[in-house]
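These are my notebook entries on a single protein chain.

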Amino acid sequence: MSETHTTARATGQAQASRLVRLRLSSLGTVIMLIVQFILGVIYNLYGTAPTSTKSIGLFSSPDLALHVILGILLFIAALGQLIRAIAVRHPLSIWLSAVGLLAILAAGFAGLGFTGSGANGASLGMSLAFAVALACYVVLVFALPSSASLPSSASPASSGGSTT
């Protein structure tokens, strides 16, 4: 019976460790989203806005190019986050990671629409999708355990039970 107890504890610790890594991944995505937002604001203030008659290229300025590249990296990070959440089988993480990924995709498509037409609705769509994605990943940062909250890993010998 003690071997079963030790195995169950090891499995629980592995699950907790995966949840901590998922939390750190969420934190990384939050940081990327904030940097993405800052790049978007910089372009909004100092870049050339597209008009209904003149679109702009995605790499027409350095700050817009960084914004586009980071958007692609955000998509990859969000996809990896969802895959990680599915592997851990944590329902809240799966749902929020899926919604966050969809929001990042929506922001990307709104951004493509904005560069083509300069439509205010596309700009608003980017902002709202950003807010949804940020909310999803911030909730995960606070909902998932940190490494400090994990129980200390006790060796089988110190647990008081024998393994023989």
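Entry 1, contacts of Tyr 137. For this entry I take contact to mean heavy atoms within 4.5 Å. The model is a predicted one. Leaving out residues up to four places away in sequence, I find that Tyr 137 touches Ser 26, Thr 29, Val 30, Leu 33, Ala 78, Gln 81, Ser 97, Gly 100, Leu 101 and Ile 104.

I then looked up the largest nonpolar core, which has 20 residues. Tyr 137 is among the members that touch the most other members, along with Leu 33, Ile 104 and Ala 133. I note that at least two residues of this core come from each of α1 (2-46), α2, α3 (91-117) and α4 (120-143). With 6 residues, α4 gives the most to the core. As background, nonpolar side chains tend to be buried together in soluble globular proteins.

I count 4 helices and 0 strands in the protein chain, and the order from the N terminus is α-α-α-α. The chain has 164 residues, of which 30% count as buried. Among contacts with a separation of 6 or more, 73% join residues 24 or more positions apart. I record an accessible surface of about 9500 Å², with 71% of this surface belonging to carbon and sulfur atoms.

How much space lies in the largest pocket? I note about 940 Å³. Its lining consists of 31 residues, and those nearest the centre of the pocket are Gln 36, His 67, Ala 107, Gly 111 and Met 126. Each of α1, α2, α3 and α4 supplies at least two lining residues, and α3 gives the most, with 9. By class, I find 20 nonpolar and 11 polar residues in the lining, and no charged ones.

Is Val 88 buried or exposed? Its relative accessibility is 5%. The cut-off for buried is under 20%, so Val 88 counts as buried. Not counting residues up to four places away in sequence, Val 88 touches Gln 15, Arg 18 and Leu 19. Val 88 and Leu 19 are 69 residues apart along the chain, yet I find their C-alpha atoms separated by 7.1 Å.

Definitions and conventions
Residues are numbered from 1 along each chain as its sequence is written. This is a predicted model: local features need pLDDT of at least 70, side-chain atom pairs count only at pLDDT 80 or more; totals for chains, interfaces and linings use all residues. Side-chain values use heavy atoms; hydrogens and water are left out. Buried means under 20% relative accessible area, exposed over 50%, partly exposed in between (1.4 Å probe, protein chains only). A nonpolar core is a set of buried Ala, Val, Leu, Ile, Met, Phe, Trp, Tyr and Cys residues joined through side-chain atoms within 4.5 Å. Accessible areas come from the Shrake-Rupley method with a 1.4 Å probe; for residues, only the protein chains shown count as cover. On a 1 Å grid over the protein atoms alone, a cavity is a set of points where a 1.4 Å probe fits but cannot get out, and a pocket is an open set with protein on both sides within 12 Å along at least five of seven lines; lining residues have an atom within 4 Å of a point. Grid points are joined across faces, edges and corners, and a volume is the space filled by probe spheres set on the points. Ala, Val, Leu, Ile, Met, Phe, Trp, Tyr, Cys and Pro count as nonpolar, Asp, Glu, Lys and Arg as charged, and the others, Gly among them, as polar.
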